[in-house]
Amino acid sequence: MTSPAPLAIIAALMPECEALVAAMAAGDGAERVHLGRRDYHVGHLWGRPCVVTLARIGKVAAATTVTALIHRFGVERVVFTGVAGGLGDGVRVGDVVVADHLVQHDLDATPLFPRYEVPLLGLARFPADPALSGALADAAAAFLTHDLAELPAGTRATFGLDRPALHRGLVVSGDRFIAGAAAAAALRADLPEALAAEMEGAAVAQVCHEYGIPCGVLRIVSDSADDKAHIDFPAFLREVASFYTYGIVRRLLEAA
Ligand code: ADE
């Protein structure tokens, strides 16, 4: 019998990736494959075959990582997890956003093609896979309800993690860290449905669309894409993000 094709888990930043790689190594071990200046960790997480890798930041980094995961590692589904700046009404630090659709907010080939449309592909909004996104949303809801309380009370108070919410909808991606009220307002005006801004998800969704591979994108809100974003983001990343990522991925794979 051939073993089932692995699930790809891509993390945007090192702390998130490390916790999952450590869990893999603590299980039945991980094989590390170095390719294109990235490490791909091949093994099992909570009994499921997985490849965990750190994409690094930005759309090109994400697209090249997903392409390698599909071609070289034969992954059958792709999950991208990381942090994002909150944009939508009522989207607060500590909330979780699961993407239903993704748009590259910095893609503009007008007047040749409509704004946001990927030239010659004819698509601007890339759908996430409904089943995988549903499973991610279930995992995130279970995590918020049952696991978040295990984060020290002091950390929860520092970051204002008072009953964080789960949102589903549009996530927008671009090669720009949004760190100012004016930039955030411009994005909200152009894409009023946008719940969160990040730098990789829509590129992952585009590659997965082109190869016919289901993808899911989950984002934990680390900042409000405002004038304090560059301070809030690293603090959240250091103290909170990996707790969320690890807990949500664990819930996802245990339920699979
Ligand atoms: N990732 C986390 N916060 C972000 C922001 N404010 N802009 C873009 N990507 C982000």
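Me: How many residues surround the ligand, and which are the closest?
Reply: 13 residues surround the ligand. The closest are A84, G85, F177, I178 and D223. A residue counts if one of its heavy atoms lies within 4 Å. This is a predicted model, where local features need pLDDT of at least 70, side-chain atom pairs need 80 or more, and totals for chains, interfaces and linings use all residues. Numbering starts from 1 along each chain as its sequence is written, and side-chain values use heavy atoms, leaving out hydrogens and water.

Me: Which polar atom of D223 lies 2.6 Å from a ligand nitrogen, backbone or side-chain?
Reply: A side-chain one. Polar contacts here are pairs of N or O atoms within 3.5 Å.

Me: And what does I178 put by a ligand nitrogen?
Reply: A backbone N or O atom of I178, at 2.8 Å. For G85, a polar backbone atom is 3.2 Å from a nitrogen atom of the ligand.

Me: How much of the ligand's accessible area does the protein cover?
Reply: 97% of the 260 Å² that the ligand has on its own. Areas are Shrake-Rupley with a 1.4 Å probe.

Me: Which strand gives the largest share of the shell?
Reply: β5, with three residues. β5 (77–86), β9 (194–198) and β10 (215–223) each supply at least two. Strands are DSSP E runs of at least two residues, and helices are H or I runs of at least four, numbered from the N terminus.

Me: New topic. Where does α7 bend?
Reply: At L237, by about 55 degrees. The bend is the angle between axes fitted to the seven residues ending there and the seven starting there.

Definitions and conventions: A polar contact is a pair of N or O atoms within 3.5 Å; within protein, one must be able to donate a hydrogen and the other to accept it, and residues adjacent in sequence count only if both atoms are side-chain atoms.
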